[in-house]
Amino acid sequence: MTPSHIIIPEDCFQLLSIPVDQVTQALVDSVQKLFGGDIIKHATLGEYVEDKVSSLKQFMSEGTDLKEFNIPSLVALSSCMRLLQRYEFKCNHGEWVSTVKPDLGPGISERIRDALSTTDENVSVCHTVKSELRDALSALLGDYGVLAIPTVPGPPPKLQTEGTSLENFRARAFSLLSIAGVSGFCQVSIPLGRHNNLPVAVSLLAKHGSDGFLLNLVETLYGTFEEHIKLAEKVAEKTSY
C-alpha cells in the first residue's frame with residue numbers, strides 16, 4: 001500500500017542536537033525514489049496540536065520555560081503523559097511497593113515516591129487529551145498517511161551532565177515520545193547509520209491500528225535506506241582522508 005502522504009514536522013526536527021539532514025535526507029531520498037516527492041509534506045506539529053487539542057491548555061504552563069528550543073504544546077503533552085503514567089503506576093503497583101519496600105537506586109526511588117503521591121486530580125483531563133490528540137492526528141494523517149519524527153533528540157547525555165542540560169534533554173526526548181505515547185498511534189524506529197560513531201534513527205508513525213500498513217511500508221523503504229546509508233558512509237570515508 002502506497003502512503004497517501006508523509007509529513008515531516010520541521011519543528012520536531014529542530015529538537016535535534018545533530019544535523020537535521022543526517023536524519024531526514026535518507027527518508028526524503030528513499031520516498032522520492034519509491035513514491036515520488038509529491039507525497040512529502042512539511043508541517044509545524046506543535047501549532048497543529050495546540051490548535052486541535054484544546055484540553056491541553058491545562059498543562060501548557062508546565063515546563064515550557066526551558067532555555068533551549070522546545071515545542072510548548074508537546075512539552076505540555078509530555079507532562080500529561082507523565083502524570084498519567086505516575087497515576088497508573090500507583091494504581092497497579094502502589095500496594096506492592098508499599099508492602100515489599102524494594103531497595104531502589106537513586107533517581108528511580110525518587111520517581112517511585114512521586115508516583116505514589118500522585119492523586120487523581122487532572123487524570124480525567126489526561127483522558128480527554130488522549131481522545132482529542134488521537135482524533136486530531138487521525139484527521140491529519142487519514143488512513144494511509146505517515147508522520148516522520150526524530151526517534152530521540154540526539155546522543156544520550158554523558159555521565160555527570162549538568163542538571164539543566166539533562167533536564168533540557170529529557171524535555172525534548174519526552175516531547176517526541178509523547179506523540180505516540182499519548183495518541184496510541186503505532187511507531188517504528190528505523191536505524192540510519194551513525195553520527196560521530198553513535199547510532200542515528202528516524203521514527204515513522206501511523207494511525208492507531210495501522211501496524212500492518214506501517215510495517216509493510218518500512219519493509220519497502222528499508223532497502224533504499226540501506227543504499228543511502230552505505231553511500232553516505234563511503235563519502236564520509238573519502239572526505240576523512
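How far apart are the mean positions of the positive and negative charges of the protein? And where does Gly145 sit, buried or exposed?

Reply: This is a predicted model. The protein has 21 positive and 29 negative charges, and their mean positions are 4 Å apart.

The protein holds eight helices and five strands. Read from the N terminus, the order of elements is β-α-α-β-α-α-α-α-β-α-β-β-α. The C-alpha trace spans about 55 × 45 × 35 Å along its principal axes. The radius of gyration is 19 Å; a compact globule of 241 residues would come near 18 Å, so the two agree. Of the contacts between residues at least 6 apart in sequence, 76% join residues at least 24 apart.

Gly145 belongs to strand S3, which covers residues 145-150. Its relative accessibility is 1%; buried means under 20%, so Gly145 counts as buried. Across the protein, buried residues make up 41% of the 241 residues.

Next, the surroundings of Gly145. Leaving out residues up to four places away in sequence, Gly145 touches Ser4, His5, Leu205, Ala206 and Phe213. Ile7 lies 138 residues from Gly145 along the chain, yet their C-alpha atoms are separated by 7.7 Å.

Gly145, at 1% relative accessibility, is buried.

Notes
Residues are numbered from 1 along each chain as its sequence is written. This is a predicted model: local features need pLDDT of at least 70, side-chain atom pairs count only at pLDDT 80 or more; totals for chains, interfaces and linings use all residues. Side-chain values use heavy atoms; hydrogens and water are left out. Helices (H or I, at least four residues) and strands (E, at least two) are DSSP runs, numbered from the N terminus. Buried means under 20% relative accessible area, exposed over 50%, partly exposed in between (1.4 Å probe, protein chains only). Contact means heavy atoms within 4.5 Å. The radius of gyration is taken over C-alpha atoms; the globule rule is 2.2 Å times the number of residues to the power 0.38. Lys and Arg count as positive and Asp and Glu as negative; His and the chain ends are not counted. The place of a charge is taken as NZ of Lys, CZ of Arg, CG of Asp or CD of Glu.
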